[in-house]
Amino acid sequence: MHVLILGGTTEARALAESLHARGERVTTSLAGRVAAPRLPSGEVRIGGFGGTEGLTVWLREQRVEVLIDATHPFAGTISFNAARAADQAHVPLLALRRPGWVPGEGDDWHLVDSLPQAADALSGLGERVFLTTGRMGLASFAHLDTLWFLVRSVDAPEPPFPPRMEVLLDRGPFTLESERELLRRHGIEVLVTKDSGAAATAPKLTAAREAGIPVVLVRRPPVPEGVPVAATVEEAVSWAYADLERGRR
Ligand code: NAP
């Protein structure tokens, strides 16, 4: 079968690996945001499709039989495009989404729905902020000129960004020890992050809890209505085969 995986996550790479090892034709699509991405097994295409229409044409021309949206939980536009394109091209679609993080005892989480709301929520929580929401959303914090930000991202951010900022270029996985040390060394008073749910980046939440540091957590956007969701790579693989069977019957 030809499976198109919309990627950009650890799970998407694991899924490509799993289906490719079973002898399936797998193409992973990456947006092209990261300069040197970790490449998955199978075929890879890089760059946008040109909206819903472009993706619909691609699905038809490449005879895609199963589409799996394994993008980051916060990549909302491509997920909605995928839902519409799958509908138009009559291709079964599944979303692969790792579960979100769950607060534990001692956590001081402030839940918000967007980056601008996260910026508003910082008032009174602390002046030294550890920001791990990605380099693309820094404009929402650019007006906060009395706060200091430690920004961790894979590639260097471009303006607009906050005037008082230090950038740490790095990508997970991160350890609890290194996260504890980072918070301590920079005198961090508040953490801002998105509920990606990734194990590779969860240790910062534990380190924040231990240090009594509040966390401003941005909630996920919803998965498009009617799209089935798998929580694990194994579930997504089973679903892909079940759907393929149905399609060929
Ligand atoms: P987005 O807002 O949902 O998408 C914006 C546009 O980028 C889409 O309309 C599409 O362009 C293109 N695009 C996005 N993902 C694509 C993919 N996998 N393959 C081909 N084109 C894609 O997405 P985003 O938040 O900018 O994220 C971009 C990528 O980075 C995603 O694939 C995601 O998995 C990964 N990522 C995102 C985050 C995050 O926090 N948002 C974090 C880690 C990784 P066209 O309309 O031209 O098709």
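Where does Thr 132 lie? I found Thr 132 in the loop between E7 and strand E8 (148-153).

**Entry 1: basis of the notes.** I worked with a predicted model, in which local features need pLDDT of at least 70 and side-chain atom pairs count only at pLDDT 80 or more, while totals for chains, interfaces and linings use all residues. Residues are numbered from 1 along each chain as its sequence is written, and side-chain values use heavy atoms, with hydrogens and water left out. I took helices (H or I, at least four residues) and strands (E, at least two) as DSSP runs, numbered from the N terminus.

**Entry 2: strand E10.** I then turned to strand E10 (residues 190-194), which is mostly covered, with 4 of its 5 residues buried. Strand E7 (residues 128-131) runs parallel to E10 and is joined to E10 by 3 bridges; two strands pair if DSSP finds at least two bridges between them. Phe 130 has Leu 191 as its bridge partner in E10. E10 also pairs with strand E11 (residues 215-218), in the parallel sense, over 4 bridges. There, Thr 193 stands opposite Leu 217 in E11.

**Entry 3: helices H5 and H6.** I recorded an angle of about 50° between helix H5 (residues 176-185) and helix H6 (residues 203-211), whose axes are 8 Å apart. Therefore H5 is oblique to H6: angles under 35 degrees count as roughly parallel, over 145 as roughly antiparallel, 65 to 115 as roughly perpendicular and the rest as oblique. Axes are lines fitted to C-alpha atoms, for helices over the stretch in contact, and angles run from 0 to 180 degrees between N-to-C directions. The contact includes Leu 176 and Arg 180 of H5, and Lys 204 and Ala 207 of H6.

**Entry 4: the open sheet.** I traced 6 strands in an open sheet with parallel pairing, in the order E3-E2-E1-E4-E5-E12. Strand E3 (43-46) and strand E12 (229-230) each have a single partner strand, so one side of each is left without a neighbour in the sheet. Strand E5 (residues 93-96) is joined to E12 by 2 bridges, and Ala 95 stands opposite Val 229.

Methods:
Contact = heavy atoms within 4.5 Å. Buried < 20%, exposed > 50% of the residue type's maximum accessible area, 1.4 Å probe, protein only.
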